[in-house]
Amino acid sequence: HEAAANALLASPTGRTAAAAEAREALAQGPARAVNWLQIAYAQAGPSGRLDTRGREALSRSYTFQPYGPEVSQWRLSFAFDHWGELTPELREQVLGEAEVLWRTSGHQRVERAIESAQTRNGRAAGALLRLKLRALDRK
């Protein structure tokens, strides 16, 4: 289901089917962050806005895998692209994940996520985060 959902997500018209594939995978076990992220991405849909259901799916991805190296860079990029739509709680989770990734996996993955931000809010949040993280290096 995961591979099928990924393939469907590549097509703007496949997002509804991708979300259905991800939900089928979650029916087999809800602890897969990648499937929750597929749903969040699908919920952003053609409008590009993250709605309540998309925020809930993003939040659940953190519940089941708060610091997942295989999903962290993509999740951070996605979060920065939707920074203005995130709740304060989700923003805290994003910042926490970025800090853990910065400290444990090197800076490149966090830097790439910040650099990929497509929105003004995401770029601003990323710039502030970068300053905070670089200050950690000096401690």
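Student: Which pattern does the chain follow, read along the sequence?

Tutor: Helices (H or I, at least four residues) and strands (E, at least two) are DSSP runs, numbered from the N terminus. Here the chain reads α-α-α-α-α-α-α-α. That comes to 8 helices and 0 strands. This is a predicted model, in which local features need pLDDT of at least 70, side-chain atom pairs count only at pLDDT 80 or more, and totals for chains, interfaces and linings use all residues. Residues are numbered from 1 along each chain as its sequence is written, and side-chain values use heavy atoms, with hydrogens and water left out.

Student: How many of the residues count as buried?

Tutor: Buried means under 20% relative accessible area, exposed over 50%, and partly exposed in between (1.4 Å probe, protein chains only). Of the 139 residues in the chain, 42% are buried.

Student: Is phenylalanine 78 buried or exposed?

Tutor: Phenylalanine 78 is buried, at a relative accessible area of 5%. Its place is in helix α5 (residues 69-81).

Student: Which residues is phenylalanine 78 in contact with, leaving aside neighbours within four places in sequence?

Tutor: Contact means heavy atoms within 4.5 Å. On that basis, phenylalanine 78 touches Ala40, Tyr41, Leu50 and Leu58. For the whole chain, take contacts with a separation of 6 or more: 57% of them join residues 24 or more positions apart.

Student: Which residues of helix α7 are buried?

Tutor: In α7 (residues 108-115), they are Val110, Glu111, Ala113 and Ile114. They cover an arc of only 160° around the axis, so they lie on the same side of α7. The arc is that of the directions from the helix axis to the C-beta atoms. Exposed Gln108 and Glu115 sit on the face turned away from the buried side. Cover for the buried residues of α7 includes α5, α6 (88-105) and α8 (120-138).

Student: Which residues of α8 are buried?

Tutor: Gly122, Ala125, Gly126, Leu129, Arg130, Leu133 and Leu136 are. Their arc is only 145°, so they share the same side of α8. On the other side, Arg120, Leu128, Leu131 and Arg138 are exposed. The buried residues of α8 have cover that includes α5, α6 and α7.
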